[in-house]
Structures are given as structure tokens and as C-alpha cells.
Amino acid sequence: MALTPQDIARIARLARLELGAQESERMLTQLNGFFDLVEKMRAVDTAGIEPLAHPLDAVQDMPLRLRADVASEQVDRESNQRSAPAVERGLFLVPKVIE
């Protein structure tokens, strides 16, 4: 998939970018180079290859370092709701937005 200068102009317009002629040409070269790389990567047969959880898994066994799922701080609902304009039974009251 190769982009054209018209594609770059359209992308720049959609992104609200002002690109000069040299910038536009450089962007065309860079984006086409990126798409060429993607096509080369797509051409590689990856059937039967398990995805890696970590890049170093290919070299050595890497255990996942997961932290314990424990509450680390207490939530004081009353002090958090003190500045709310309206509260009822521990819940924030908000205006109705759907009719």
C-alpha cells in the first residue's frame, strides 16, 4: 500500500496540520517506509508461534511480576462527599441528563 501526495494532503487536512512541500515529501517517504515494513512483517509465517508475554521470553524464562491485589488505602466516603452539592444515602445526586 503506497500513499500518494494527495493522500498526505488529505491526512494533513484531517489532522489540521499545515505541511510545506518539503515536509509533505518527507512525510510521504516516512509513511510509505512504515507501510513497507508492515508488509514485510505480514509476509512472515507466524502460524504455530505462541505470543510472548515479555520480549525476553524468547531468550529466558521470565516470571510475571504481579503485585498483590490488596486495598492500600481506606476510602472515607463522608469526607469525599463533603463538597458535593447533593448526596443521599452515600450516593452523589446528579441532574437528570436523559429525558
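Beyond its neighbours within four places in sequence, alanine 12 is in contact (heavy atoms within 4.5 Å) with Leu17 and Leu19. The structure is a predicted model, in which local features need pLDDT of at least 70 and side-chain atom pairs count only at pLDDT 80 or more, whereas totals for chains, interfaces and linings use all residues. Residues are numbered from 1 along each chain as its sequence is written, and side-chain values use heavy atoms, with hydrogens and water left out.

Alanine 12 lies in helix 1; helices (H or I, at least four residues) and strands (E, at least two) are DSSP runs, numbered from the N terminus. Alanine 12 is buried, at a relative accessible area of 7%, where buried denotes under 20% relative accessible area, exposed over 50% and partly exposed in between (1.4 Å probe, protein chains only). A separation of 50 Å is found between the C-alpha atoms of alanine 12 and glutamate 78, which are 66 residues apart along the chain.

Helix 2 comprises 23 residues (21-43) and reaches 33 Å from its first C-alpha to its last, close to the expected 33 Å, the expected span being 1.5 Å times one less than the number of residues. Its buried residues are Ser24, Leu28 and Asn32, and the elements covering them include helix 1 (5-14). In an α-helix, residues three or four places apart point the same way because there are 3.6 residues a turn.

Two arginines show positive phi values. Arginine 16, in the loop between helix 1 and helix 2, has a phi of about 55° although it is not a glycine; arginine 16 is exposed, with a relative accessible area of 72%. Arginine 89 is placed in the loop between strand 1 (87-88) and strand 2 (91-92). The phi of arginine 89 is near 50°, and this residue is likewise exposed, at 75%.
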